[in-house]
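Colleague: I would like to go through the aromatic rings and a few side chains. Can you show me the model?

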Amino acid sequence: MTQSTCNVITGTGSFIPPGKVRNEDFLEHTFVDPEGKKLAKANREIINKFLEITTIGERRYVADDLKTSDIAFLAAEAALEAAGTDREALDYIIVAHNFGDVTSRGGHSDMVPSLAARVKHKLGIKNPDTVAYDMIFGCPGWLESLIQAHYYLSSGDAKRALVIGADTLSRISDPHDRDSLIYSDGAGAVILEAKPCEKPQGVLAHKTRSDTLTHSGMLYMGPSYQRGGKDSGKDSDKDGSKEGEALYLKMHGRKLYQYALETVPGAIRACLEKSGVAIDEVKKILIHQANGKMDDAILQRLYESYGMDTPPEGVMPMTISWLGNSSVATIPTLLDLLLKGHLESHELHAGDVIIFTSVGAGMNVNAMVYRM
């Protein structure tokens, strides 16, 4: 049999902050609407409804002395150790994030130098040929970084890449916006290497789409709801923010939910068709942990499109109920936990086919078919 080259994940790592923040910890918060008016419902009712809609019971926040580049470095160290890879032999370090380094005091993003440059520095890599750069692509950023790394390796110009997803969304979450309860902190990383293979394995196919013309505004940055409403203040900018004022992540949740249902199943199908893999060959679907109910609905719609009434039991491992939504970190963290046996009733074996898929700000959607 003719030997070829496949791009495979040889090691994974993650950093899950030990600090747990439960839904009950928000019982004393003041939640307001976009106009700055206190919500009429009691906090207990707000939190119960939130749990019902998202399935999130708790999330993780980093300690005050850590920033995004710090936890990206910690996940990278774990992935390098798992792969047994010489860090000086890395051709690329790609760090997916969305807000740079933000201190525990909140405020504005710090992205100079790039987080990838900071991670390379923390790793102590001397090799100038290890190219380090950042990816800003919304929640699908880690998967898009993996796709880019796959291209580099497939070209023959690179042999191994470190791909990291890290965000500290707690630093850009408006404590007075109930939608912010969804956000969490975390980091995940993988080593992707070009290896000789006799049968197709590793990355088999990928698909990406960007719907910016009509959907770019579904996730955006805006002032805290608590400051008196988005239109108050004569010195406010068009988005309602004042010069020098901290901005927080905002979203049009219902529209985003509908967009995901309409686009993600189709992207997965297109990717499967491109790979030549049948839906019944798929062992696991690792979806961005955005919203538990939304992910369930996406999975249901995917299998219905193949004429199947229900998805196979256990096909979609989930961590959002206890880890929350850490944006670019959710999929690599999920993969790391799965491969290291930390997810009960879930396991992978050689030859198993898995799908990675994500949706987020842009709006962007991507998918990848991968064989273990």
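Colleague: Which residues do ring pairs link into a cluster?

Modeller: Ring pairs join Tyr92, Tyr133 and Tyr152 into a cluster. A word on the source: this is a predicted model, where local features need pLDDT of at least 70, side-chain atom pairs count only at pLDDT 80 or more, and totals for chains, interfaces and linings use all residues. Residues are numbered from 1 along each chain as its sequence is written, and side-chain values use heavy atoms, with hydrogens and water left out.

Colleague: What makes two rings a pair?

Modeller: Rings of Phe, Tyr and Trp (its six-membered ring) pair if their centres lie within 6.5 Å. Planes under 30 degrees apart count as stacked, over 60 as edge-to-face and the rest as tilted. The rule gives 4 aromatic pairs.

Colleague: Why is the pair of Tyr92 and Tyr152 called stacked?

Modeller: The ring centres of Tyr92 and Tyr152 are 3.9 Å apart and the planes are at 0 degrees, so the pair is stacked. Tyr92 is in strand E4 (residues 92-96) and Tyr152 in helix H4 (residues 141-155), 60 residues apart. Helices (H or I, at least four residues) and strands (E, at least two) are DSSP runs, numbered from the N terminus.

Colleague: Are Tyr92 and Tyr152 buried or partly exposed?

Modeller: Buried means under 20% relative accessible area, exposed over 50%, partly exposed in between (1.4 Å probe, protein chains only). Tyr92 has 18%, so Tyr92 counts as buried. Tyr152 has 26%, so Tyr152 is partly exposed.

Colleague: What makes the pair of Trp142 and Phe356 edge-to-face?

Modeller: The planes of Trp142 and Phe356 are at 85 degrees, with 5.8 Å centre to centre. Trp142 lies in helix H4 and Phe356 in strand E12 (residues 353-360), so the pair ties together parts 214 residues apart in sequence. Trp142 has a relative accessible area of 1%, so Trp142 is buried. Phe356 has 0%, so Phe356 is buried.

Colleague: How do you know that the charged end of Arg269 sits over the ring of Tyr306?

Modeller: The rule asks for NZ of Lys or CZ of Arg within 6 Å of the ring centre and within 35 degrees of the ring normal. Arg269 is 4.1 Å from the centre of the Tyr306 ring. Lys250 lies over the face of Tyr225, at 3.5 Å from the ring centre.

Colleague: Why is Ser69 called buried?

Modeller: Ser69 has a relative accessible area of 2%, so Ser69 is buried. Ser69 is found in helix H2 (residues 68-83).
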